[in-house]
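Have the structure open as you read.

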Amino acid sequence: MIKMKSSDEIVLLFFVFFLSCSAYEKYSGICKNGDLNVPERFHDCSYGSGKFGRWIVDEFGLPAYEYTLSQEKEDIALWWNSEQKERREHWHQIGNLRISATAYNYGYVQLFTQEGGFKWINYYDEDELNLGGGFSFIENGEKIWSTAYKYRPKNSKTTRIFGINYFFSEIEYDNIIVSRYVYTPDEDIPIILTDIKIENIGKTPVEISYYEYWDVNFHHIIPFLITSGLLDKSIPKQNEEKRKKYNENFLQEAYVVENLAVVRTYSKKPITDGFPVEYDKNPPYVFLTYLDQWNDNIENHGYIFDQREFFQNGDPKIPSTSYEKLNEELSNVEGLGQKLALIHKRKIVVEPRKAINMRYAYGYTYNVDNLFIPQKYAENNALEEVIDSWKERLAYFATPSDSYLQREIAWHSYYILSSSYYRKYFDLHVVSQGGSYLFMHGYDGAPRDYCIFSVSLNYIDPKLSKEILKFIMMSTYKNGEIPYANYGDVVPARIDLVRPSDLDIFFLWAIVEYVFSSRDFDFLKEKVPFYDSDADENSTVLDHIKLSFRHLFDVVGVGENGLIKFRTGDWSDGIRFFAHNIESLEENGESGFNTAFAIAILPKVADMVRRFDHSFADEILKKTSELRSAFENTWNGKWYLRGMEGNGKPLGDDRIFLEPQVWALIASLQGDRMRTLIGSIRSYLETPLGAMIVYPPSDEVEKRTGLLLGTDVNGGIWPAINSLLTWAYSLYDKNLAWESFKKNTLANHAELYPNIWYGIWSGPDSYNSPNSSRPGEAAAQYATSLADFPVMNVNSHANPILALVKIAGIEANSEGIRISPKIPSDFNLKLPYFGVKYVSDKIQGYYKAKGTGEKIKISVRTSKTPKEVRVNGKQVSFEMSEKGEVSFMFELSDILTWEIY
């Protein structure tokens with residue numbers, strides 16, 4: 001009960017890749033610079049809008065995208081996909097800590113959750129009359145029409161806006177304006193809220209029957225290794241049909257409890273195991289309820305559950321106006337086809353020049369008798385309060401120019417946070433990679449991506465960053481093997497064909513970045529069990545760190561040339577296909593990427609653990625020194641080798657691979673080589689869209705995998721490596737770093753490729769290079785087509801945040817934090833847990849750390865010796881180094897502020 005109180009053999013090889021307008025105006029260049037003192041104040045800047053609409057500042061003062069394209073009429077709405085289908089749907093993500101939803105240009109909304117297994121709650125399938133939801137029908141006695149853009153009446157006027165945590169749609173027809181905000185509460189509950197305003201702009205009262213429509217269509221994302229249609233265009237459809245068929249295992253019933261409409265889905269043979277499952281065998285209750293306050297002009301209301309009776313003629317545009325069976329309970333309804341929906345009907349009268357406001361809550365619960373919807377969501381200002389809460393969680397950044405970056409950084413931070421899901425088995429939240437990997441394959445990973453997301457969140461939401469790290473540890477086996485991916489809730493994907501070698505290094509990097517940035521050294525003492533152990537075992541985070549280090553050197557191992565081995569792949573799951581002998585590389589090949597990466601981060605790991613175990617720290621440094629000597633031998637005069645193939649042959653002597661170069665630069669290896677290396681990167685790899693992963697791409701790889709030249713690992717452009725390149729450049733040339741940072745923005749992609757809908761407000765984890773046959777698009781190969789779900793890959797959002805923090809010069813270490821900006825202008829960076837502002841002769845900052853009572857040091861680069869330094873308003877002593885850094889000590893408290901004059 002609701003209680004109102006104060007989310008085939010060679011073919012199988014390719015599985016390894018998947019986790020790796022007429023109304024348009026050209027607004028480019030019209031951007032008012034932001035205010036360095038108030039980076040939260042946004043100004044109009046339509047640069048990077050593409051041809052599908054334009055960026056605006058919404059009524060809440062936040063960036064939003066007004067989608068204006070008439071997609072049914074304009075050919076630019078079409079986009080290449082491996083099914084070779086005519087697709088014109090484009091979508092945006094809304095979400096909170098638990099769920100996400102996709103809001104479409106056609107006007108419907110789908111809810112997705114990972115709780116109890118990956119699944120859509122109301123999957124859109126028009127052939128089955130499953131229409132998703134998030135729209136309504138209006139009947140005035142003479143006609144009935146829909147507010148959904150796809151089913152709208154002719155001659156209606158529409159507006160669609162993709163905003164931070166909302167989808168706004170408005171339709172004007174027959175003297176009625178219906179406005180809808182669909183959004184999620186900014187907390188850990190699986191609910192979607194909808195605010196509706198119905199306005200009568202006519203001169204006479206209007207009597208309306210109003211139908212709020214939300215579907216119930218479970219679509220469990222049963223995992224498939226092959227989802228691309230490149231080999232056979234029918235594969236994606238076959239996969240979805242198999243997922244749809246799973247519903248034949250269930251029955252459904254519908255009923256009303258007080259003001260709550262419920263659809264219960266239950267298995268024909270009840271299953272009650274306590275183990276993680278591939279998909280939810282005991283799905284949640286789905287509900288719809290109204291939250292608005294009734295008033296005198298509302299005559300009657302009730303719920304409709306029989307979807308097929310509601311659409312008696314089979315036309316989703318025209319439901320049956322004669323259907324009057326309100327609140328009729330239904331039971332033992334076959335789950336195949338998902339014939340039930342949640343439709344609320346109410347009769348209202350709207351006076352001329354007046355409006356009526358309504359609010360609904362749609363979502364799911366595993367305990368319908370104890371459903372909790374906070375009272376505040378029934379109050380009139382709920383939406384404003386949700387948006388205000390989001391404003392406190394976003395990242396803000398301003399410079400005197402390039403003002404589109406202000407919009408983009410806030411937008412990226414929203415997309416990362418709204419990609420969080422709750423996993424019931426671990427009782428943890430995780431930010432999923434998303435994109436085709438999650439929504440097409442039904443797998444989530446890889447842990448390397450989790451680590452990147454964790455690093456990007458350290459100063460935005462350190463609690464979520466920490467949960468991601470715990471998730472990785474709790475899914476790790478006692479032998480030290482970190483599963484490449486997971487599915488269901490939570491099943492590790494242990495696939496013999498996939499034995500990556502880089503996951504230990506990524507984990508160690510993410511751990512040290514989190515601990516140093518948060519000062520949460522006590523985290524290393526926390527008990528975190530392994531996946532295949534008892535929950536109450538005594539393994540600590542430090543034990544996980546030690547095991548990961550030993551697994552890296554004792555199991556993954558070091559080859560005869562002293563480099564860390566490849567196994568089936570390092571960061572690049574497709575690197576094996578560049579080798580002359582794949583088996584040799586997998587058995588004995590050595591990775592330059594792994595080795596350079598380890599050289600760069602292991603000394604920081606040693607610093608982190610030294611306070612707990614001196615001998616372990618010394619062991620780490622000894623191994624690092626050995627790796628450094630071995631890696632220096634891979635220099636060929638222009639760049640570092642990608643590695644050794646395991647048969648005596650070098651890999652990457654005839655072509656330059658970006659991956660090892662970035663970490664070589666970050667590790668600050670031999671100085672006389674670094675300038676040569678940067679020159680090689682810029683000569684061979686840089687493009688207007690960012691740096692390619694390899695040049696030249698390989699014809700042989702194209703034959704083996706189907707990856708076109710200049711795409712994916714065969715020469716595509718990857719935000720994950722480009723963000724590291726931006727960081728690497730910053731250590732040598734701040735102008736190169738700034739150029740790299742701006743190249744890898746959504747705005748730049750939209751300016752270069754304005755006819756591609758993705759890459760404007762979200763994107764995949766790699767783009768085809770300008771040299772490819774489909775430049776600026778997402779790639780496809782025999783197992784995975786990134787182009788089939790080309791948005792909502794968090795790499796496209798997290799990596800720009802990571803790069804920005806690094807070029808802002810924020811580096812946490814064992815002593816404290818060092819700030820040495822590499823941004824070639826004044827700037828103001830405000831993150832929820834850290835901020836730094838360089839304006840004129842003043843440097844200001846703040847810091848919120850988990851640890852308290854510890855004395856740490858802040859070192860800040862400045863152009864001249866300051867007159868004074870103030871911490872929390874009090875003048876403190878400081879030191880000035882020959883390198884132009886002012887340093888001061890302070891004792892951690894809940895929040896620290898400083899000013900340097």
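## A buried helix

In H15, the buried residues are Leu658, Glu659, Pro660, Gln661, Val662, Trp663, Ala664, Leu665 and Ile666; buried means under 20% relative accessible area, with a 1.4 Å probe and protein chains only. That's nine of the nine residues of the helix (658–666), so H15 is largely enclosed by the rest of the structure. Helices here are DSSP runs of H or I with at least four residues, strands are E runs of at least two, and both are numbered from the N terminus. Just after H15, Ser668 has a positive phi of about 55°.

This is a predicted model, so local features need pLDDT of at least 70 and side-chain atom pairs 80 or more, while totals for chains, interfaces and linings use all residues. Residues count from 1 along each chain as its sequence is written, and side-chain values use heavy atoms, leaving out hydrogens and water.

## Packing on H16

H15 packs with H16 (residues 671–684) at about 145°, axes 11 Å apart; axes are lines fitted to C-alpha atoms over the stretch in contact, and angles run from 0 to 180 degrees between N-to-C directions. Leu658, Gln661, Ala664 and Leu665 of H15 meet Met674, Leu677, Ile678 and Ile681 of H16, with contact meaning heavy atoms within 4.5 Å.

## The sheet

Five strands form an open sheet in the order E4-E5-E6-E7-E15, paired antiparallel. E4 (91–95) and E15 (219–220) are at the edges with a single partner strand each, so one side of each lacks a neighbour in the sheet. E5 (residues 99–104) pairs with E6 (residues 109–113) over five bridges; pairing takes at least two DSSP bridges. Ile99 has Thr113 in E6 as its bridge partner.

Key: Buried means under 20% relative accessible area, exposed over 50%, partly exposed in between (1.4 Å probe, protein chains only).
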